Amino acid sequence: MRPTFRCLLMTSLAVLLAACATEPKAPTPQLSGPSATRIYLPAVLGIPLAILAPELPAGSIAAGERARFEIAFSIDLRGAVAESAMQSTTRPDLADAMLAQHRQWVYAVATSASGPCSIARFRGLQTIEVERVDGKLVASGEPAQVVEVLAAVDARDVVTDPSSVPNYRSILNSIVYPRSALVEGVERSLSMIVVFGTNGSVKDAFPIYDAYDQYGFGPSALRAVRQLKMEPPPPRDLTTCVPINFRIR
């Protein structure tokens, strides 16, 4: 039996920005090695990592009623829903509202088999069933069925060849530890996908699986890796992977 998910509260898709000049610097984040928290990598694609609790017009679903929605969609390499359309539903009057909410979901782009530096985007079919439980709307269903993998990227791990990025260690050693995480003793591991352009500068960068980051690890790491410089510049855009372990020492 495939696992189900149940959501009562909205999972925030936005992360807290780290404080500015007054934020204290923590002991240097380690560049490798074990961490107190791990990057969550599901066994298969199609697992939603951040979902919204259903928000529908008052009284639209009566007690004991179960509304079913089947949504065809595709995601980008960040796991965000890029395109979607209602495939079928028992409540056509609520289709637009459910589509709008589903477009804010975030899906897994890597698996435990591939590792965090191998990512893929896909087309899928998501089934959502909504019912009223104790006066609250509850969404339950299965992970999305992956219909087709649209693109896969196997990013080169910069750690294996830091000589191509001369300022790699100095930049990562200057990462600011989020103040709230430092105060609470929270540690975290994450991987950053970094795309170097033909001038050697960072053209694009984003963290893998950042949906649950309430402390600002992702933005802090992002500010740092955007300063990386590849020398000599690659002949074409080069996608790489930068693993970062925030450790309090």
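Colleague: Is F246 buried or exposed in this model?

Modeller: Buried means under 20% relative accessible area, exposed over 50% and partly exposed in between, with a 1.4 Å probe and protein chains only. F246 has a relative accessible area of 0%, so F246 is buried. The model is predicted: local features need pLDDT of at least 70, side-chain atom pairs count only at pLDDT 80 or more, and totals for chains, interfaces and linings use all residues. Residues are numbered from 1 along each chain as its sequence is written, and side-chain values use heavy atoms, with hydrogens and water left out.

Colleague: How many residues does the largest nonpolar core have?

Modeller: In general, nonpolar side chains of soluble globular proteins tend to be buried together. A nonpolar core here is a set of buried Ala, Val, Leu, Ile, Met, Phe, Trp, Tyr and Cys residues joined through side-chain atoms within 4.5 Å. The largest one has 36 residues, and F73, Y107 and V130 have the most contacts inside it. At least two residues of this core come from each of β3 (66–75), α1 (95–102), β6 (118–133) and β7 (136–141); helices (H or I, at least four residues) and strands (E, at least two) are DSSP runs numbered from the N terminus. Another core, of 25 residues, lies apart from it and includes L190, V194, V225 and F246.

Colleague: How many aromatic pairs does the structure hold?

Modeller: Rings of Phe, Tyr and Trp (its six-membered ring) pair if their centres lie within 6.5 Å; planes under 30 degrees apart count as stacked, over 60 as edge-to-face and the rest as tilted. The structure holds eight such pairs. One of them, F73 with F122, is edge-to-face, at 6.0 Å centre to centre and 70 degrees between the planes. This pair links distant parts of the chain, with F73 in strand β3 and F122 in strand β6, 49 residues apart. F73 counts as buried because its relative accessibility is 4%, and F122 is buried at 0%.

Colleague: Why is the pair of F217 and F246 tilted?

Modeller: The ring centres of F217 and F246 are 4.8 Å apart and the planes stand at 55 degrees, so the pair is tilted. F217 in helix α4 and F246 in strand β12 are 29 residues apart. F217 is buried, with a relative accessible area of 1%.

Colleague: Which residues does a cis peptide bond join?

Modeller: Most peptide bonds are trans. Here a cis bond joins E231 and P232, with omega about -5 degrees. P232 lies in the loop between α4 (217–225) and β12 (238–246).
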